[in-house]
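Please prepare a briefing on the structure shown below. Keep it short and group the points by topic.

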Amino acid sequence: MFKISAEPIHLEALGRALHDVAAGACATFEGRVRIKNDGRTVQSLEYEAFAPLAEKEGARILEEAAARFGILKAVCVHRTGRLALGDLAVWVGVTSEHRGAAFDACRYIIDQTKLRVPIWKREHYADGTTVWVGVAGTPPV
């Protein structure tokens, strides 16, 4: 399951979705809003996405991870909207029979999500400026 969500990410429910008695390993990744980026003080972030396209590409990534690493289950949820410092922005969970596959698949999923899924991030800084991160030539607003 790959999901774009405007609602907070609920770890307990996601953990239940991954439960599988065949799994000997569960690897997770949590991406959180941090206070510094590139030496600048961050006050908050905003994420935007076109959910139907993002979820379609995200599902493709999860299918690739399953085929490549032989995992049992994979889940990725990415937030949209305005997030405060410390908020959970993205969560990936993977179960497999063995830890190596779970770790490798988890890393593959987050790396490919950041590379391929159309999700845009805007950082709001303490000095009052905002910048779309990763968009070449974008001046501060």
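In this predicted model, 75% of the protein's contacts with a separation of 6 or more join residues 24 or more positions apart; contact means heavy atoms within 4.5 Å. Because the model is predicted, local features need pLDDT of at least 70 and side-chain atom pairs count only at pLDDT 80 or more, while totals for chains, interfaces and linings use all residues. Residues are numbered from 1 along each chain as its sequence is written, and side-chain values use heavy atoms, with hydrogens and water left out.

**Fold and dimensions**
- The protein has 3 helices and 9 strands. Helices (H or I, at least four residues) and strands (E, at least two) are DSSP runs, numbered from the N terminus.
- Their order from the N terminus is β-α-β-β-β-α-β-β-β-α-β-β.
- Along the principal axes, the C-alpha atoms fill a box of roughly 50 × 25 × 25 Å.

**Surface and charge**
- Of the 141 residues, 42% count as buried, meaning under 20% relative accessible area (1.4 Å probe, protein chains only).
- The protein exposes about 7800 Å², and carbon and sulfur atoms supply 54% of that area. Areas come from the Shrake-Rupley method with a 1.4 Å probe.
- There are 18 positive and 17 negative side chains, with the centres of the two sets 2 Å apart. Lys and Arg count as positive, Asp and Glu as negative; His and the chain ends are not counted. Each charge is placed at NZ of Lys, CZ of Arg, CG of Asp or CD of Glu.

**Nonpolar cores**
- The largest nonpolar core holds 30 residues. Such a core is a set of buried Ala, Val, Leu, Ile, Met, Phe, Trp, Tyr and Cys residues joined through side-chain atoms within 4.5 Å.
- Cys 76, Val 92, Val 94 and Ile 109 have the most contacts inside this core.
- Elements giving it two or more residues include strand 1 (2-5), helix 2 (51-69) and strand 7 (88-96). Helix 3 gives the most, with 6 residues.
- Apart from this core lies another of 7 residues, among them Leu 14, Leu 18, Val 75 and Trp 91.

**Two residues in detail**
- Not counting residues up to four places away in sequence, Ile 109 touches Ile 61, Leu 62, Ala 65, Ala 74, Cys 76, Val 92 and Val 94.
- Thr 95 sits in strand 7. Thr 95 is buried, at 3% relative accessible area.
- Beyond its neighbours within four places in sequence, Thr 95 contacts residues including Leu 18, Ala 23, Cys 26 and Lys 73.

Key:
Buried < 20%, exposed > 50% of the residue type's maximum accessible area, 1.4 Å probe, protein only.
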